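Subject: Structure for you, with notes on contacts, cores, pockets and cavities

Dear colleague,

I am passing on the structure below, and my notes on it follow directly after. Please read them with the coordinates open beside you.

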Amino acid sequence: MSAVYEVINPANEQSVKKVDLADLAATDAVIEKAAKAFESWKKIAPSDRAKLLRAFAQVVSDHREELAKLEVTNSGHTIGNALWEADNVANVLNYYSASPERLFGKQIPVANGIDITFKEPLGVVGQIIPWNFPILMAAWKLAPAVVAGNCVVLKPAEFTPISILILMEIIADILPPGVINIVNGYGRDVGAPLANSRRIGKIAFTGSTGTGRVIAQAAASNLIPATLELGGKSPNVFFEDIADADDDFFDKAVEGLVLFAFNQGEVCTCPSRALIQESIYDKFMERVLPRVAAIKQGNPLDPNTMIGAQASQDQLNKIMSYMDIGKQEGAKLLIGGERNMLSGALADGYYIQPTLLKGHNKMRVFQEEIFGPVLAVTTFKDEADALAIANDTIFGLGSGVWTRDGSRAYRMGRGIKAGRVW
Ligand code: ADP
């Protein structure tokens with residue numbers, strides 16, 4: 001370990017902690033350690049691996065508040081989101097703990113005998129994760145790999161390593177050494193050597209589409225499997241029938257739109273494009289804009305705070321540059337549009353006002369992932385128009401459909417090219 005990284009609290013720009021940064025040699029050494037541990041770990045009985053994972057989940061539950069506070073300090077999340085995240089880490093670990101004894105093979109009758117297949121672990125799995133939900137993204141990847149008998153080398157995003165590093169300290173007595181290994185460092189120094197290593201059996205990645213492409217190329221060159229979870233620009237479609245009554249459903253649709261700001265908009269499935277039927281546009285926006293204006297930003301540790309700080313200075317700059325791009329493209333600013341300068345201890349925090357930009361789907365603010373509390377709003381005429389706009393994107397991660405018509409919801413759900421439609 002040669003260099004250190006100063007982790008910053010995005011809510012007040014204060015230093016949190018200095019952490020070691022690994023390099024190529026350190027990454028190789030950790031991969032070697034994982035490869036050695038694999039020789040014993042793969043022999044542990046599935047039921048014992050399940051027990052260990054359940055113990056891991058219990059420790060997470062026991063330390064949920066501590067982990068949530070670390071997450072707030074490192075990533076700018078609100079405490080409410082961070083507690084939700086810690087609880088979900090335990091849920092994910094518990095969920096996968098049920099699987100080791102269910103990794104069945106097959107018996108296939110063949111001429112003069114039977115073929116038997118087994119699900120074998122791959123060895124060392126490299127995992128590269130992003131900064132938006134550090135411990136949850138880690139759990140999604142660690143749990144299935146480890147229960148199946150693999151050992152893991154995981155690289156957090158360089159500026160959000162704290163919660164994972166502390167989590168590893170907390171569970172140090174549960175799993176044998178070398179089963180889960182964290183190497184902190186930059187993409188070029190740790191991520192790239194990890195993805196390109198000939199000692200790994202698989203690479204799993206969550207992050208930007210551009211980096212995902214690089215990871216896929218590394219996996220292709222080594223002929224190993226890759227799992228990629230990449231970006232999104234998810235359409236949230238609001239049909240005119242939502243306004244047929246001023247009831248709970250209409251109110252829920254308003255809330256559904258405001259979800260663009262959940263976790264400061266730093267969510268890959270964030271519904272960041274709103275498509276509103278033109279006949280209800282004015283009526284709907286009359287309800288939406290006050291709701292957006294009421295979003296409370298502030299100290300992330302205050303349970304009443306609804307959105308916290310963006311995770312880093314770079315992310316803040318990137319989001320603000322999209323505000324300028326939107327203005328230059330002729331998008332109309334409906335609300336927000338500025339950095340939110342809070343006072344006192346939060347004066348230097350990376351806060352951005354929840355923002356709505358109205359324009360058309362060809363604009364860059366509709367086509368590129370901003371990963372902040374910025375919603376691109378447009379209108380459509382009818383169902384065919386809505387579907388065409390929804391699908392006019394390079395992404396295909398998520399989508400929302402709001403209507404009182406079940407058949408239309410079904411048609412749109414099938415028609416939208418997205419991994420998940422809610
Ligand atoms: P974002 O733009 O959201 O920060 P990235 O794709 O750059 O997304 O980062 C996601 C993760 O990928 C982080 O852990 C980052 O350090 C890592 N990473 C970045 N570049 C590379 C690379 N060339 N090879 C491997 N990992 C990388």
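Gln127 is in contact, meaning heavy atoms within 4.5 Å, with Lys141, Leu142, Ala145, Val152, Val153, Leu154, Lys155, Leu194, Ile203 and Ala204, once its neighbours within four places in sequence are left aside. Gln127 belongs to strand E5, strands (E, at least two residues) and helices (H or I, at least four) being DSSP runs that are numbered from the N terminus. With a relative accessibility of 2%, Gln127 counts as buried, where buried means under 20% relative accessible area, exposed over 50% and partly exposed in between, for a 1.4 Å probe and protein chains only.

Before going further, please keep in mind that this is a predicted model, in which local features need pLDDT of at least 70 and side-chain atom pairs count only at pLDDT 80 or more, while totals for chains, interfaces and linings use all residues. Residues are numbered from 1 along each chain as its sequence is written, and side-chain values use heavy atoms, with hydrogens and water left out.

Two loop residues come next. Ile295 sits in the loop between helix H10 (281–293) and H11, and because its relative accessible area is 11%, Ile295 is buried. Not counting residues up to four places away in sequence, Ile295 touches Val258, Ala261, Met306, Ile307 and Pro354; of these, Met306 is 11 residues away along the chain, with 6.1 Å between the two C-alpha atoms. Lys381, in the loop between strand E14 (374–380) and helix H13 (383–391), counts as exposed because its relative accessibility is 54%. Lys381 touches Gln277 and Glu278, again not counting residues up to four places away in sequence, and it lies 15 Å from Asn236, C-alpha to C-alpha, at a separation of 145 residues in sequence.

As for the interior, a nonpolar core is taken here as a set of buried Ala, Val, Leu, Ile, Met, Phe, Trp, Tyr and Cys residues joined through side-chain atoms within 4.5 Å. The largest such core has 96 residues, and those with the most contacts inside it are Phe56, Leu257, Ile276 and Phe284. Helix H5 gives the most to this core, with 10 residues. Leaving aside neighbours within four places in sequence, Leu257 is in contact with Asn236, Phe238, Ala274, Ile276, Phe284, Val288 and Leu375.

For the open spaces, the search uses a 1 Å grid over the protein atoms alone: a cavity is a set of points where a 1.4 Å probe fits but cannot get out, a pocket is an open set with protein on both sides within 12 Å along at least five of seven lines, and lining residues have an atom within 4 Å of a point. Grid points are joined across faces, edges and corners, and a volume is the space filled by probe spheres set on the points.

The largest pocket holds about 740 Å³ of space. It is lined by 35 residues, and Trp131, Phe205, Gly207, Ser208 and Thr211 are the closest to its centre. Helix H7 (187–196), strand E8 (200–206), helix H8 (209–222) and helix H11 (313–329) each supply at least two residues of this lining, to which H8 gives the most, with 6 residues. By class, the lining has 18 nonpolar, 12 polar and 5 charged residues, where Ala, Val, Leu, Ile, Met, Phe, Trp, Tyr, Cys and Pro count as nonpolar, Asp, Glu, Lys and Arg as charged, and the others, Gly among them, as polar.

The second largest pocket holds about 630 Å³. Of its 27 lining residues, Leu103, Pro144, Ala145, Ala148 and Asn150 are the closest to its centre. H5 gives the most to this lining, with 4 residues, and by class the lining has 14 nonpolar, 5 polar and 8 charged residues.

Finally, a search of the whole structure finds 2 cavities of 30 Å³ or more. The largest cavity holds about 60 Å³, and the residues lining it include Gly232, Lys233, Cys268, Cys270 and Phe371. The second largest cavity has a volume of about 40 Å³ and is lined by 13 residues, of which Pro235, Thr393, Phe395, Gly396 and Gly398 lie nearest its centre.

With best regards
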